[in-house]
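Please keep the structure open while reading.

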Amino acid sequence: MTEFDNIEVTEEELYDLAELYKIFGDSTRMKILFFLFETEEVSVGDLAESLNMTVSAISHQLKILKSSKLVKSRRDGKSALYSLDDEHVRTIIECGMEHIRES
């Protein structure tokens with residue numbers, strides 16, 4: 001166990017945190033997250049059309065984002081609608097943008 005500013009952190013937590021930030025290291029995934037940041041819910045097809053990408057490419061990235069708990073989906077008839085998983089994702093994006101704009 002390591003301690004940073006009185007916060008106890010396990011090696012496993014450090015590994016998981018590093019893995020989370022790796023997900024943000026892909027510009028396609030960031031495009032999807034930014035689109036979802038601005039849109040309440042969207043289908044794969046609409047997302048693909050808006051980002052000028054294939055449905056297959058979007059689906060692949062959404063699977064990664066969903067398994068990382070950054071994106072969630074809900075069924076609407078035959079299609080799935082995607083949105084940011086929770087406010088933490090929005091906060092991470094906002095903090096990151098604030099940080100790079102200060103530099």
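Helix α2 carries both F34 and F37. Three residues separate them, about one turn of the helix. The model is predicted.

**Aromatic pairs**

How many aromatic pairs does the structure hold? There are two. A pair of aromatic rings is described by the distance of the centres and the angle of the planes. The table gives both values for each pair.

| Pair | Centre to centre | Angle between planes | Class |
|---|---|---|---|
| Y21 and F24 | 6.2 Å | 40° | tilted |
| F34 and F37 | 6.4 Å | 45° | tilted |

Y21 is partly exposed, at 48% relative accessibility. F24 is buried, because its relative accessible area of 15% is under the 20% limit. In the other pair, F34 is partly exposed at 29%. F37 is buried at 17%.

R90 lies over the face of the F37 ring, 4.5 Å from the ring centre.

**The loop residue E41**

E41 sits in the loop between α2 (27-38) and β3 (42-43). Is E41 buried or partly exposed? E41 counts as partly exposed, with 29% relative accessibility.

Beyond its neighbours within four places in sequence, E41 is in contact with R74, L81, Y82 and S83. With R74, the side chain of E41 makes a polar contact of 2.7 Å. S73 is 32 residues from E41 along the chain, yet their C-alpha atoms are separated by 8.6 Å.

Note on methods:
Residues numbered from 1 in each chain as written. Predicted model: local features only at pLDDT ≥ 70, side-chain atom pairs only at ≥ 80, totals over all residues. Heavy atoms only, no water. Helix = DSSP H or I, 4+ residues; strand = E, 2+ residues; numbered from the N terminus. Buried < 20%, exposed > 50% of the residue type's maximum accessible area, 1.4 Å probe, protein only. Contact = heavy atoms within 4.5 Å. Polar contact = N/O pair within 3.5 Å; in protein donor to acceptor, adjacent residues only side chain to side chain. Phe/Tyr/Trp six-rings, centres within 6.5 Å; stacked < 30°, edge-to-face > 60°. Lys NZ or Arg CZ within 6 Å of the ring centre and 35° of its normal.
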